[in-house]
Amino acid sequence: MKWTTRLKIMRITRIAMIFCLVFLVLFAGFSLYGSKVGNFVVRIEEQNVKISACITENTEKDATTRFSVPGIKGQDAATLSDLPERLSEGIGVKNDDKHKRYLAFSFYLLNRSERAVGYDMTVEIVDSVGKAIDVLRVMLIEGDKTTAEGEIFAKPEDEAGKAHLIANNITYETKDFISDEIVLKKTVEGFEVGGVVKYTVVLWLEGWDVACTDELFGDRLKMRMNIQAY
């Protein structure tokens, strides 16, 4: 074989190998909710009061104290700018099934009691495999605010992690997870009689986080939202 032909083949092979490597890095994917660990569950615990949740517009027929959201297997990394600005509009499951960049859902919380009540809302991680929690972002939106107005929760970054995000122009503000098991806790008082409030929950894996590497491939998380009314 002539050297020119051989060099040409070697060059093509090298380019193909580089392309494959980049493809694997960008699209290896994660399992935020694998089939072995279940889906995102929302559960309401009542203490002598009557509140319920509804993930459809039919609040009379579909109100419940427990529902689950289908998970995304093989979820890809993303960032805040990948989220639709008006993701909170409408109701129901809004997962990015096409590109697998985020899990999202909106639901109503209803007070059917005869008096005003209070409630504690907690998002917790009930099971995990690997270190996907290090790059997890959880957004909570009340009402029809835009994603730019939502509260974002994340595991605290060290100085190197903060510098890496800033260097890549990732400057959105986050609130620290309470612990490795508790993502957030929100307390609401004076939820009026007949009151209806809408919440949107969005989860993604921050691709610009310094911990977002191929080592997370195959990691899994199982999460739950508890709403305790009193």
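A polar contact is a pair of N or O atoms within 3.5 Å; within protein, one must be able to donate a hydrogen and the other to accept it, and residues adjacent in sequence count only if both atoms are side-chain atoms. The model is predicted: local features need pLDDT of at least 70, side-chain atom pairs count only at pLDDT 80 or more, and totals for chains, interfaces and linings use all residues. Residues are numbered from 1 along each chain as its sequence is written, and side-chain values use heavy atoms, with hydrogens and water left out.

The protein chain has 2 helices and 12 strands. These are DSSP runs numbered from the N terminus (helices, H or I, at least four residues; strands, E, at least two). Their order along the sequence is α-β-β-β-β-β-β-β-β-α-β-β-β-β. Of the 230 residues, 43% are buried. Buried means under 20% relative accessible area, exposed over 50%, and partly exposed in between (1.4 Å probe, protein chains only).

Arg-137 lies in strand β7, residues 136-142. Arg-137 is buried, at a relative accessible area of 2%. Contact means heavy atoms within 4.5 Å. Beyond four places in sequence, the contacts of Arg-137 include Glu-157, Leu-165, Tyr-172 and Trp-204.

Glu-157, Leu-165 and Tyr-172 are also among the residues nearest the centre of the second largest pocket. A pocket is an open set of points on a 1 Å grid over the protein atoms alone, where a 1.4 Å probe fits, with protein on both sides within 12 Å along at least five of seven lines; lining residues have an atom within 4 Å of a point. The lining of this pocket numbers 14 residues. By class, 6 are nonpolar, 2 polar and 6 charged. Here Ala, Val, Leu, Ile, Met, Phe, Trp, Tyr, Cys and Pro count as nonpolar, Asp, Glu, Lys and Arg as charged, and the others, Gly among them, as polar. Helix α2, residues 159-167, gives the most to the lining, with 3 residues. At the start of α2, a side-chain oxygen of Asp-158 comes within 3.3 Å of the backbone nitrogen of Ala-160. Just after α2, Asn-169 has a positive phi of about 60°.

Glu-57 sits in the loop between β2 (51-54) and β3 (66-69). Glu-57 is exposed, with a relative accessible area of 53%. A polar contact of 3.0 Å links the side chains of Glu-57 and Tyr-108. The two residues are 51 apart in sequence and 8.5 Å apart in space, C-alpha to C-alpha.
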